[in-house]
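Biologist: I am new to reading protein models, and I would like to know where the words come from. Could you take me through this one?

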Amino acid sequence: MTQGTVRTLFVEDEPDLREIVKAALGLDPGFVVSTFPSAEDALEGLHDNKEPFDLALLDIRLPAMSGIDLHHRLRGIPGLERIKTVLMTASLLPRQMPKGLTDPRGEVLGVIQKPFHPLKLASDLRAMLTRAH
């Protein structure tokens, strides 16, 4: 997965940021990205996907359900129990995340701080995936 195809579920409520991330990850032909504007839409959209996702890239502050809550819901869905998650935020620094949450052996691989460098996004995500294996 780290050098091959990375099926990515991206959930972000800001339309412009959804487009930027989709374009940025599109620069790496190994990323296949499905975007959703909310946690609820993502959960509904999972029924239409025939292949499981490898990575969830989730905004922490989503309306109605946080990215952290969505992460826990995803891991309770058959076929996604081992999904890797990276959180995106403009409001928390990585050192402010709850202890253990960003442990590569744990549930969340890391945090992408907004604003981020679009040309480095795919390589940053691949590096997090590599560290997790």
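Modeller: Of the 133 residues in the protein, 47% are buried. This is a predicted model, in which local features need pLDDT of at least 70 and side-chain atom pairs count only at pLDDT 80 or more, while totals for chains, interfaces and linings use all residues. Residues are numbered from 1 along each chain as its sequence is written, and side-chain values use heavy atoms, with hydrogens and water left out.

Biologist: What makes a residue such as Val6 count as buried?

Modeller: Buried means under 20% relative accessible area, exposed means over 50%, and partly exposed lies in between, with a 1.4 Å probe and protein chains only. Val6 has a relative accessible area of 0%, so Val6 is buried. Its place is in strand S1. Val6 also sits 5.8 Å from Asp54, C-alpha to C-alpha, although 48 residues separate the two in sequence.

Biologist: How many helices and strands are there, and how do you know where they are?

Modeller: The protein has four helices and five strands. They are DSSP runs numbered from the N terminus: helices are H or I with at least four residues, and strands are E with at least two. Along the sequence, the pattern reads β-α-β-α-β-α-β-β-α.

Biologist: Which residues of helix H3 are buried?

Modeller: In H3, residues 67–75, the buried ones are Gly67, Leu70, His71 and Leu74.

Biologist: Why are they said to be on the same side of H3?

Modeller: They cover an arc of only 105° around the axis, so they lie on the same side of H3. That arc is taken from the directions from the helix axis to the C-beta atoms.

Biologist: What do the buried residues of H3 pack against?

Modeller: Their partners are strand S1 (6–11), helix H2 (39–45), strand S3 (55–59), strand S4 (84–89) and strand S5 (108–113). Contact here means heavy atoms within 4.5 Å. Of the contacts in the protein between residues at least 6 apart in sequence, 69% join residues at least 24 apart.

Biologist: Why is the pair of Glu12 and Lys114 called a salt bridge?

Modeller: A salt bridge is a side-chain nitrogen of Lys or Arg within 4 Å of a carboxyl oxygen of Asp or Glu. The side chains of Glu12 and Lys114 meet at 2.9 Å, N to O. Glu12 lies in the loop between S1 and H1 and Lys114 in the loop between S5 and helix H4 (121–132), so the pair ties together parts that are 102 residues apart in sequence.

Biologist: How do you know whether Glu12 and Lys114 are buried or exposed?

Modeller: Both are buried. Glu12 has a relative accessible area of 1%, and Lys114 counts as buried at 16%.

Biologist: Which residues join Lys114 in one network?

Modeller: Asp59 also meets Lys114 in a salt bridge, at 2.9 Å, N to O. Asp59 lies in strand S3, so this pair ties together parts that are 55 residues apart in sequence. Salt bridges that share partners join Glu12, Asp59 and Lys114 into one network. Asp59 is buried as well, with a relative accessible area of 4%.

Biologist: How many salt bridges does the structure hold?

Modeller: It holds three. One of them joins Arg126 and Asp28, whose closest N and O atoms are 2.9 Å apart. The pair links distant parts of the chain, 98 residues apart, with Arg126 in helix H4 and Asp28 in the loop between H1 and strand S2 (31–36). Arg126 is buried at 11% relative accessible area, and Asp28 is buried at 17%.

Biologist: What about Arg18, and why has it no salt bridge?

Modeller: Arg18 is found in helix H1, residues 15–26. Lys and Arg count as positive and Asp and Glu as negative, while His and the chain ends are not counted. For buried Arg18, the nearest side chain of opposite charge is Glu19, 5.8 Å away.

Biologist: What does the side chain of Arg18 reach instead?

Modeller: The side chain of Arg18 reaches the backbone oxygen of Glu12 at 2.7 Å and that of Asp13 at 3.5 Å.

Terms used:
Polar contact = N/O pair within 3.5 Å; in protein donor to acceptor, adjacent residues only side chain to side chain.
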